[in-house]
Amino acid sequence: EQAISKRLHLLRRHPMVQDTRGMGAMWAVELHRAELRDKLIRIGEEMAVTDGCGIKLLGAGKKSVRFMPPLTISLKDLKIALNLFLNALNKLHAENS
């Protein structure tokens, strides 16, 4: 729980992120606009095709994505998933700068 909490709170500094919230293993990352959220979901899926490793994101509310890893996830896999998420955010930022 602390690993995900610490890393997701650090995402608040990212220019695409408006807020993060949650507790335990259930978190949401809110972007500034709904269309950015939709683009982020698309980018995560495209990464799986182009890079061979992507992330499946689900929308939550109007501007947020859910982050709910399985309770049995290893710390190593959690770090990989969070890095993929950050890569997707960085690609979104590059597309919208």
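This is a predicted model: local features need pLDDT of at least 70, side-chain atom pairs count only at pLDDT 80 or more; totals for chains, interfaces and linings use all residues.
View 1. Residues are numbered from 1 along each chain as its sequence is written, and side-chain values use heavy atoms, with hydrogens and water left out.

**View 2. K63 and E30, another salt bridge.** The closest N and O atoms of this pair are 3.2 Å apart. K63 is in the loop between β3 and β4 and E30 in strand β2, 33 residues apart. E30 is buried at 14% relative accessible area, whereas K63 is partly exposed at 24%. Shared partners join R21, E30 and K63 into one salt-bridge network. A search of the whole structure turns up 9 salt bridges.

**View 3. The four-strand sheet.** Helices (H or I, at least four residues) and strands (E, at least two) are DSSP runs, numbered from the N terminus. Here 4 strands make an open antiparallel sheet in the order β1-β2-β4-β3; two strands pair if DSSP finds at least two bridges between them. β1 (17-23) and β3 stand at the edges with a single partner strand each, so one side of each has no neighbour in the sheet. β1 and β2 are joined by 6 bridges, and T20 stands opposite V29 in β2. Look for G24 in the turn of this hairpin, with a positive phi of about 60 degrees. β3 and β4 pair over 3 bridges, with A60 partnered by S64 in β4.

**View 4. Helix α2 and its buried side.** α2 (residues 34-50) has 17 residues and reaches 24 Å from first C-alpha to last, close to the 24 Å expected at 1.5 Å a residue; that expectation is 1.5 Å times one less than the number of residues. Its buried residues are L36, R37, L40, I41, I43, G44 and M47. They cover an arc of only 160 degrees around the axis, which puts them on the same side of α2; the arc is taken from the directions from the helix axis to the C-beta atoms. V49 and T50 are exposed on the other side. The buried set packs against β2 (26-31), β3 (58-60), β4 (64-67) and α3 (75-95), contact being heavy atoms within 4.5 Å.

**View 5. Helix α3 and what covers it.** The buried residues of α3 are L78, A81, L82, L84, F85, A88, L89 and L92. Their arc is only 155 degrees, which puts them on the same side of α3. Covering them are elements including α1 (2-10), β1, β2, α2 and β4. The face turned away carries exposed K76 and A94.

How values were computed: Buried means under 20% relative accessible area, exposed over 50%, partly exposed in between (1.4 Å probe, protein chains only). A salt bridge is a side-chain nitrogen of Lys or Arg within 4 Å of a carboxyl oxygen of Asp or Glu.
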